[in-house]
Structure formats: structure tokens, C-alpha cells
Amino acid sequence: MGGSIRYLITGGAGFIGSNLVDKLIGNAEKVIVLDNLLTGNLQNLDKHQNNDKFKFYNHDIQNPIELDEEIDHVVHLASCASPFAYSNYPINTLKSGSIGTINALGISRRHNAKFFLASTSEIYGDPEITPQHENYWGNVNTLGPRSMYDESKRFAEAATQSYVTTHNLHGSIARIFNTYGPKMAFDDGRVVTNFIHQAINNQDITIFGDGSQTRSFSFIEDTLDGIMKILNHESSDVFNIGNDYEITINELASKIIHLTKSNSKIINKDLPIDDPKQRKPDLSKARKILGYEPKYDLETGLKETIGWFQENYK
Ligand SMILES: NC(=O)c1ccc[n+]([C@@H]2O[C@H](COP(=O)([O-])OP(=O)(O)OC[C@H]3O[C@@H](n4cnc5c(N)ncnc54)[C@H](O)[C@@H]3O)[C@@H](O)[C@H]2O)c1
């Protein structure tokens, strides 16, 4: 990417967004972050506050906003993202995914900017096929405890697609699979953060269910690489982004106990309703069209993440 690109990143004070700002700002002309700090943290952006290329708006994307700056890319990340956050803020999550996405699409249209939507593997629900390919329509319970998130993202995808077909907008969608790494909030309730936080504090590690459910975890650097490849891609399309190495939750807990040299014991609690039994991206489309290839193995990514948690949260 050249040095003349201007980005608007909604949700840019969060985990993925702030890591993306770090990556983009060197080669960008301007990076504007718009965030209401619901789950994000301004500290994540501390090092950019005095940079002329950087601008922050404390704004809720559920409300329309007119921006004077020129914008080339709208990167729409603003949404609650962890089960803990979206079940605490269900209506807010639905409004961010629906009204918020329409507002972000409107900014894109007015500025003649390309649009990028951070969608999620959760749109596949509790999948009946594995791995999940982009053509799979999913198995989502519209009334279940995760529905506010899953359905808000499904709406956001439909809205993006409608702006692409109706207004000829350039709109791309990344279905991001479980991503972890530095700058995650230790209290966001996601499995990697829970386990690391419990392990470094020698607390019991809580596994929901018998731990045989699987997930595929993507280190933030690989997810960012996928996002940047999509931002550079010439046509509107949808891609799974993540890592297709699949692991059971039991294996993940043992790995984190081993890497932190923790004395934590594993305890089991009831599996929440609609917790997906398996999750694995089919990355063949991203590999073929974008040349995407995850490079971080789980152990390397976990070591970096654990190191960051030990420095920031112990
Ligand atoms: N981290 C993952 O594993 C993952 C997986 C799939 C999809 N995603 C998607 O990626 C995006 C970023 O996720 P994250 O992990 O960085 O989560 P995060 O909670 O760290 O970041 C989300 C950011 O959006 C902001 N926000 C929320 N509602 C807003 C609103 N109405 N207006 C303005 N800002 C708002 C929050 O304050 C926060 O800074 C989300 O859209 C999420 O759904 C993440």
C-alpha cells in the first residue's frame, strides 16, 4: 500500500482494530479511528495520540456522522465481539450490526471509499459441516443466547451485499475465525484470555462441557495479514480468514498450563446452549484468490500472547 491512503477504522480502539492501526499507520496518509469505547480502550492507541496522521473520534456508529476528511477505505469493525460483551449488551450489538453498518456503508458511499466488513465464523452458527466453506449458509438459532451477535453480523453481510449490488459500492467481507493475541482485554470472557488469565494467576481453569469441542485459533498477525490482503483485493468478495489448525478445548487448556508452568487444575462446568461443537475454516478460497497462508503455529502465538499478558495484567 502506498503512502497516500486514508483509512477510517470503526471499532479501532479494540483488540483487532488497534493492532490494525499499528500495522497501517506507517504507510498511510491518515488513520481515523471512530469508537465509542464500549469494549475498546484508548490505551491501545496511546502511541499514536501525538501522530499528525492519527485522529480519534469518540462516537457511536449507531448515530450518523459527517466527516470532513477524505477517506479511501472504511474498515468497519465496531461491534461487541466476545460472548460476554454481546450477552451484556444484546440490543446494542444488534443496533451496531444493523444501524451501525448502514451508517458505515453510508460514509463509504458519500466518500466514494471501499468498504470492509468484519464478519465472523459465528454466522455459520453450530455448523453441520466441517470445515466451513464460504458457500455454507450456516445453522443459526435466531432465538438462542448468541443470536444477537450472529444475526447482527448476518444482517451486516446482507446490507453490505445490497450496497454492492444497488450502489455499485466496493464492499468486501472477512469472516474472521477466533483470533487471539496481544491487546485482548483480559476480562472479555473469550477462551484464550480466560485460560491465560487463570493459568498465570494459578486459578482453576474453567472448561465448559467435556472439552472435546474444537476450535481453530488464529494469531492476530495472521488475521491482520488476511484483512490487509482483502483491503488490497480489487473486487468485492467474501473470505474466511483464520487458521485451519483445529484443536480441542482440552488440548488448548493443557498447552496453556504447560507454557505458563502453572499449577492450575482443570474444572468442568455446563456447556452453554448453542455452543458450537466444531469450528474450522475452509481457507481454500482465501489461499487461491488472495494467496493467504497463516504462518503462526499455536505455540508461537500463545507464547507471544502469554508474554504480553504477563507484562500487562498479572
Ligand atoms: N477477535 C475475534 O476473534 C473476532 C472473530 C470474528 C469477528 N470479529 C469481529 O472483529 C471486530 C473487532 O473485534 P475485536 O475482537 O477487536 O473486539 P473488541 O471488542 O476488542 O473491539 C470492538 C471495538 O468496537 C467498539 N464498538 C462497539 N460498538 C460500537 C459502536 N456502536 N460504535 C463505535 N464503536 C463501537 C468497541 O468499543 C471496541 O473498541 C468485531 O466486529 C468482531 O465482531 C472478531
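Predicted model: local features only at pLDDT ≥ 70, side-chain atom pairs only at ≥ 80, totals over all residues.
Local features need pLDDT of at least 70, side-chain atom pairs count only at pLDDT 80 or more, and totals for chains, interfaces and linings use all residues. Residues are numbered from 1 along each chain as its sequence is written, and side-chain values use heavy atoms, with hydrogens and water left out.

Start at the ligand. The shell around the ligand holds 29 residues, each with a heavy atom within 4 Å of the molecule. Asp-35, Thr-39, Leu-77, Tyr-149 and Lys-153 come nearest. By class, the shell divides into 12 nonpolar, 13 polar and four charged residues. Here Ala, Val, Leu, Ile, Met, Phe, Trp, Tyr, Cys and Pro count as nonpolar, Asp, Glu, Lys and Arg as charged, and the others, Gly among them, as polar.

Now look at the polar contacts, pairs of N or O atoms within 3.5 Å. Asp-35 places a polar side-chain atom 2.5 Å from a ligand oxygen atom. In Asn-36, a side-chain N or O atom is 3.2 Å from a nitrogen atom of the ligand. Thr-179 uses its backbone instead: an N or O atom there lies 2.8 Å from a ligand oxygen atom. Taken alone, the ligand exposes 820 Å², and the protein buries 97% of that. These areas come from the Shrake-Rupley method with a 1.4 Å probe. The elements that give two or more residues to the shell are α1 (15–24), β5 (114–120) and α4 (147–167). The largest share, three residues, comes from β5. Helices (H or I, at least four residues) and strands (E, at least two) are DSSP runs, numbered from the N terminus.

Turn next to the helix pair. The axes of α5 (residues 191–200) and α7 (residues 249–260) come within 9 Å and cross at roughly 40°. Axes are lines fitted to C-alpha atoms over the stretch in contact, and angles run from 0 to 180 degrees between N-to-C directions. The contact (heavy atoms within 4.5 Å) involves Val-191, Val-192, Phe-195, Ile-196, Ala-199 and Ile-200 of α5. From α7 come Ile-249, Leu-252, Ala-253, Ile-256 and Thr-260. These residues divide into 10 nonpolar, one polar and no charged.

Two backbone sites remain. Most residues other than glycine have a negative phi, and most peptide bonds are trans. The bond from Thr-130 to Pro-131 is cis, with omega near -5°. Pro-131 sits in the loop between β5 and α4. Asn-202 has a positive phi, near 50°. Asn-202 belongs to the loop between α5 and β8 (205–208).

Note on methods. Polar contact = N/O pair within 3.5 Å; in protein donor to acceptor, adjacent residues only side chain to side chain.
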